[in-house]
Amino acid sequence: MVWLVTLAAVLAAYLIGSVNSSIIISKLIGTDIREHGSGNAGATNMMRTYGKRFGVLTLLCDVLKGVIAVALAYLIMYLTARWFPFYEDDAAIVLLPYLCGAVVVVGHNYPVFFQFKGGKGIATSAAVIFMLDWRLGLIVLFGALLVMVLTRYISLGSIFGGIIFPVASIIFTILIDKDYNYALIITSVFMGALGIYRHHANIRRLLDGTESRLGAKKKEE
C-alpha cells in the first residue's frame with residue numbers, strides 16, 4: 001500500500017508541475033509565451049514580453065507549485081506516522097519529499113499538458129529547496145541573487161544557484177549536520193544538473209557574449 005501512495009504522490013507532483021502558469025496566462029492575455037523572446041515558458045520571458053505584473057504573477061505561481069508538491073509529501077508523512085506508524089520509517093515514505101520535489105521540477109520543465117515544452121524550473125526549484133531545508137534555500141538564493149546583481153545576468157545567477165545547491169547540500173549533510181542525508185545530496189545533484197542543462201542555450205550566449213543583461217530590451221527567458 002505504501003508504495004502505491006508514494007507513486008500517487010509522485011504522479012500528483014508531476015501533474016502539479018505540468019500546470020505551466022506562463023503558458024496559461026500568456027494564452028489568456030495574448031499568444032503562447034513560447035512564441036516570443038527566447039521561447040522559454042518562464043517568468044523572465046513573461047516579464048519581458050507581457051510586463052512586470054504578469055512576470056511576477058508567473059513567478060508566484062511557479063513558486064507555489066514547488067511548495068504544494070513538497071507540502072503534499074510532508075502531509076502524507078505526517079498522516080502515515082499518525083495512522084500507520086509501522087510504515088513511518090519505510091523508505092518510500094522517508095524519500096517522498098525529495099521525490100516529489102524533484103519530480104515537480106521535471107513536470108515544470110517537461111509538462112505533459114503542453115507537449116513537454118516548459119520552462120527552466122528555477123523558481124519552482126527554489127521553492128523546493130526552501131521546503132526541504134530553509135538554510136540551503138537562503139544560501140542558494142543569496143548566492144544566485146548576488147551573481148545576478150553583480151553581473152546583471154539572470155541566467156548566470158540561475159546557473160550559479162544550480163552549482164551552489166549540491167555543494168551546500170554536501171557541506172551541510174556531511175560536515176555540519178553529520179546526518180549523511182544522501183537523499184538530499186542526490187536530489188540536489190539532480191536538480192542542479194537539470195537546472196544547468198536547461199540553460200544550455202544561455203551558456204552558449206554567455207560564452208559568445210550575446211546574452212542579454214537584466215534591464216536589456218532583448219527577451220531571453
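Between which helices does the loop that holds F116 lie? Select F116 and you land between helix 6 and helix 7; helices here are DSSP runs of H or I with at least four residues, numbered from the N terminus. Before going on, note that this is a predicted model, where local features need pLDDT of at least 70, side-chain atom pairs count only at pLDDT 80 or more, and totals for chains, interfaces and linings use all residues. Residues are numbered from 1 along each chain as its sequence is written, and side-chain values use heavy atoms, with hydrogens and water left out.

Most residues other than glycine have a negative phi. F116 is not a glycine, yet its phi is positive, about 60°. With a relative accessible area of 48%, F116 is partly exposed (buried is under 20%, exposed over 50%, partly exposed in between, with a 1.4 Å probe and protein chains only). Next, pick R152, in the loop between helix 8 and helix 9. R152 also has a positive phi, near 60°, and is partly exposed at 42%.

**Helix 1**

Now colour residues 2–18, the 17 residues of helix 1. From first C-alpha to last, helix 1 reaches 24 Å, close to the 24 Å expected (1.5 Å times one less than the number of residues). Its buried residues include V2, T6, A9, V10 and A13. Show helix 4 (52–83), helix 5 (91–94) and helix 6 (96–109) to see what the buried residues of helix 1 pack against.

**S22**

Move on to S22 in helix 2 (residues 21–29). S22 counts as buried because its relative accessibility is 0%. Its side chain joins that of N20 through a polar contact of 2.5 Å (a pair of N or O atoms within 3.5 Å; within protein, one able to donate a hydrogen and the other to accept it, and residues adjacent in sequence count only if both atoms are side-chain atoms). Leaving out residues up to four places away in sequence, S22 touches I33, A41, G42, M46 and T58 (contact: heavy atoms within 4.5 Å).

**The largest pocket**

Helices supplying at least two lining residues each include helix 3 (43–50), helix 4 and helix 7 (122–132).
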